[in-house]
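Here is a short report on one protein model. Have the sequence and the 3D view open as you read.

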Amino acid sequence: MKHRAIHTGFQAFVLAASLPLLAAAQAPTTPAVPTAATVLPPYVSPEIHGDDTVTLRLRAPNAQKVDLELEGAVTHMQQDADGMWSVTTSALAPEIYGYHFVVDGTPLLDPRNTDVRDNLLTLASNLTIPGAPPEPWELQSIPHGIVEHHFYTSQVVLGLPNNQSEYYVYTPPGYNAKSKQTYPVFYLLHGYSDAADAWSSVGKANFILDSLIASGKAKPMIVVMTLGYGDMAVLKPGRTPALNTQNINLYQKALLTEVMPQIEFTYHVSKKREDRAIAGLSMGGHESLLIGLTHPELFAWIGTFSAGVHADTLSQLPPLTAQKANLRLLWMACGVDDALLKPNQAVIAALKAEGLPVTAIETPGHHQWPVWRDNLVHFAPLLFQK
């Protein structure tokens, strides 16, 4: 969704901040009235080479320093005599990378790249290195499911424009609204600062499910991707632990009392706990763990990807035993370079001490989308298996 009211203030700020930089970046240093001799030619950025190295460029003749920040790694760019800044990466593995430039300390999108990812607080340019054969998150010549976008009036979530919340629903290839066939349902939650479309627009969850289903690795399922906030004030500066707790509590109420009933009324989903899963990344992982373990009568499958857990996470749960939970799967993954690795390890150890059968996964990477897409590729095939 591109016209989201909550984005307006931030995007206006980004635009206002970017316009002077863009003007400086694109302005010729010769007289104001361009002639055939002073018109600067267009340039390509990013330029992907045959060896999967990539050259990024930015024309900014007045800048003193320009850096490339690619998935958190910062590289200094070099300027030529014409004011063009550039850098060539090492060979990159097939993936969708996020990047931006930092011009004299100010973040800037790549003005030559129209592929932009957005969330509620930050923007980034996308860089896609295709795989051979295609990776699961790439668009392939296989049967495709459908992603539908729904709005509804929430009586629970605080701070929404006109109380309008939203969710996206993926239905697998072959889904027929007129058929009585039911499907298992997977509630897939985004992270802090993401919007409801994060898993479809950035995570490519629909392409991943298409690929896994086409290859027979995953069962056909319906995937529900919600707006994962209970109080939109949590996105403002100065959030407190009390506000974080209220945000999760209200989101849980919205999911269970508003979204789930709508899904079960509109779509052919099974209402058996064995046919319900919940998982999420970062904040959504924390929400998934709390909701899933608080309501084992509703969810038999729980997954977390770099969950935003902390020291008192388990104190928010009711007393729980492995027998009472009766989970088919409790799968907790985190990148080895993620600052959340140690909190996740502590929670996993505490859950195992209670007798809960946690499947703990540690992968390369830090707090980034390449890790979470890979988590989904490995988690989804485990769901709803007998």
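## The second largest pocket

Helix α4 (241–266) gives the second largest pocket the largest share of its lining, five residues. Helices and strands here are DSSP runs (H or I, at least four residues, for a helix; E, at least two, for a strand), numbered from the N terminus. Both α4 and α5 supply at least two lining residues each.

The pocket holds about 340 Å³ of space. Of the 16 residues that line the pocket, the closest to its centre are R239, N244, H286, G308 and H310. A pocket is an open set of points on a 1 Å grid over the protein atoms alone, where a 1.4 Å probe fits, with protein on both sides within 12 Å along at least five of seven lines; lining residues have an atom within 4 Å of a point. Its volume is the space filled by probe spheres set on the points, and points are joined across faces, edges and corners.

## About the model

This is a predicted model, in which local features need pLDDT of at least 70 and side-chain atom pairs count only at pLDDT 80 or more, while totals for chains, interfaces and linings use all residues. Residues are numbered from 1 along each chain as its sequence is written, and side-chain values use heavy atoms, with hydrogens and water left out.

## Helix α7

Helix α7 covers residues 341–353. Its 13 residues should span 18 Å at 1.5 Å a residue, and its end C-alpha atoms are 18 Å apart, which agrees. The expected span is 1.5 Å times one less than the number of residues.

The buried residues of α7 are L341, N344, V347, I348 and L351. They cover an arc of only 130° around the axis, so they sit on the same side of α7. That arc is taken from the directions from the helix axis to the C-beta atoms. Buried means under 20% relative accessible area, exposed over 50%, and partly exposed in between (1.4 Å probe, protein chains only).

The face turned away from the buried side carries exposed K342 and A353. What covers the buried residues includes α5 (283–294), β16 (301–305), β17 (329–335) and β18 (358–363). Just after α7, G355 takes a positive phi of about 90°.

## Strand β13

Five of the five residues of β13 (185–189) are buried, so the strand is largely enclosed by the rest of the structure. V185, Y187 and L189 point one way, and F186 and L188 the other.

Which strands pair with β13? Strand β14 (222–226) pairs with β13 in the parallel sense over three bridges, with F186 opposite V223. Strand β15 (276–281) also runs parallel to β13, joined by five bridges, and V185 stands opposite R276. Two strands pair if DSSP finds at least two bridges between them.

Terms used
Contact means heavy atoms within 4.5 Å.
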